[in-house]
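Please keep the viewer open as you read.

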Amino acid sequence: MDFSTSNHSVICCFEIPKETLELIRDIIYAKGIRRLFFEAHWCYRSRLQEMRDFMGIPITYKIGVETFDNDFRENYLNKHANFTSPEEVSRYFDSPCLLVGMRGQTKEMIDYDIAMLKKYFKLGTVNIFTNNSTDVKRDEQLVAWFMDKYAALLDDPAVEVLYEKTDFGVGD
């Protein structure tokens, strides 16, 4: 099995060195872990079962879709995840990660993304956009609107809302 690394800027489970994956598998068995959560890019969709077989336990796969709006995702964010619909994503992945609060994004896009998350997935993550080194910038008014309209998501056990990029307890 080839788990070689690639030159993508985001590391997904298929880009972790094989030795590290073997250590993860050893810990799974030593600690009696019964489910693993991994993130994978769309380009690895045909290899998900391969990793499940390698680890020997169920894996919940997350995917950073950012938005289900194909034009915005591909032509503005350049995500290289050219799926055609939320239904298509749900055939492979368990939990989409959405990105909310960017300039150029609309309320209607966010409404659609949240509706599709709830319709096609049992789990999901909503990341509030944080400015970084890219040209994409945060839209404070859109963030405020989202936090008001979708406040109930903060209490939804099926949705993780990450207001700060460190809300998973990693990063700085």
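Is Ser95 buried or exposed? With a relative accessible area of 1%, Ser95 is buried, where buried means under 20% relative accessible area, exposed over 50%, and partly exposed in between (1.4 Å probe, protein chains only).

## Ground rules

This is a predicted model, in which local features need pLDDT of at least 70 and side-chain atom pairs count only at pLDDT 80 or more, while totals for chains, interfaces and linings use all residues. Residues are numbered from 1 along each chain as its sequence is written, and side-chain values use heavy atoms, with hydrogens and water left out.

## The chain as a whole

The chain has 6 helices and 5 strands; helices (H or I, at least four residues) and strands (E, at least two) are DSSP runs, numbered from the N terminus. In sequence order they give the pattern α-β-α-β-α-α-β-α-β-α-β.

Of the 172 residues, 42% count as buried. The chain exposes about 9,800 Å², and carbon and sulfur atoms supply 50% of that area; accessible areas come from the Shrake-Rupley method with a 1.4 Å probe, and for residues only the protein chains shown count as cover. Taking contacts (heavy atoms within 4.5 Å) between residues at least 6 apart in sequence, 66% join residues at least 24 apart.

## Two nonpolar cores

A nonpolar core is a set of buried Ala, Val, Leu, Ile, Met, Phe, Trp, Tyr and Cys residues joined through side-chain atoms within 4.5 Å. The largest one holds 42 residues, and the members that touch the most others are Phe14, Phe38, Met51, Met55, Tyr61, Val89 and Phe146. A second, separate core has 7 residues, among them Phe72, Leu77, Met109 and Phe129. In soluble globular proteins, nonpolar side chains tend to be buried together.

Val89 is a handy place to look around: beyond its neighbours within four places in sequence, Val89 contacts Trp42, Ile63, Val65, Phe68, Phe83 and Phe121. Phe68 sits in the loop between S2 and H3 and is buried, at 7% relative accessible area. Leaving out residues up to four places away in sequence, Phe68 touches Arg73, Phe83, Pro86, Val89, Pro96, Leu98, Tyr112, Asp113, Met116, Leu117 and Phe121. Phe68 and Leu117 are 49 residues apart along the chain, with 9.3 Å between their C-alpha atoms.

## Helices H1 and H2

Two packed helices are described by the angle between their axes and the distance between the axes. For helix H1 (residues 18–31) and helix H2 (residues 48–55), the axes come within 9 Å and cross at roughly 55°. The axes are lines fitted to C-alpha atoms, for helices over the stretch in contact, and angles run from 0 to 180 degrees between N-to-C directions. That makes H1 oblique to H2, because angles under 35 degrees count as roughly parallel, over 145 as roughly antiparallel, 65 to 115 as roughly perpendicular and the rest as oblique. Lys18, Leu21, Glu22, Ile24, Arg25, Ile28 and Tyr29 of H1 meet Met51, Phe54 and Met55 of H2.

Phe37 belongs to strand S1 (residues 36–39) and is partly exposed, with a relative accessible area of 46%. Its contacts, not counting residues up to four places away in sequence, are Thr60, Lys62 and Leu123. Lys62 lies in strand S2 and is buried, at 12%; the C-alpha atoms of Lys62 and Phe37 are 7.3 Å apart, across 25 residues of sequence. Ser95, in strand S3 (residues 95–100), touches Tyr61, Lys62, Ile63, Phe121, Leu123, Gly124 and Thr125, with the same exclusion of residues up to four places away in sequence.

What does the side chain of Glu66 make a polar contact with? The partner is the side chain of Lys79, at 3.0 Å. A polar contact is a pair of N or O atoms within 3.5 Å; within protein, one must be able to donate a hydrogen and the other to accept it, and residues adjacent in sequence count only if both atoms are side-chain atoms. Glu66 lies in strand S2 (residues 59–66) and is buried, with a relative accessible area of 11%.

## Positive phi in a loop

Asn78 lies in the loop between helix H3 (70–76) and helix H4 (86–90), and its phi is near 55°, a positive value in a residue other than glycine. Asn78 is partly exposed, at 46% relative accessible area. His80 is in the loop between H3 and H4 and has a positive phi of about 55° although it is not a glycine. At 63% relative accessibility, His80 counts as exposed.
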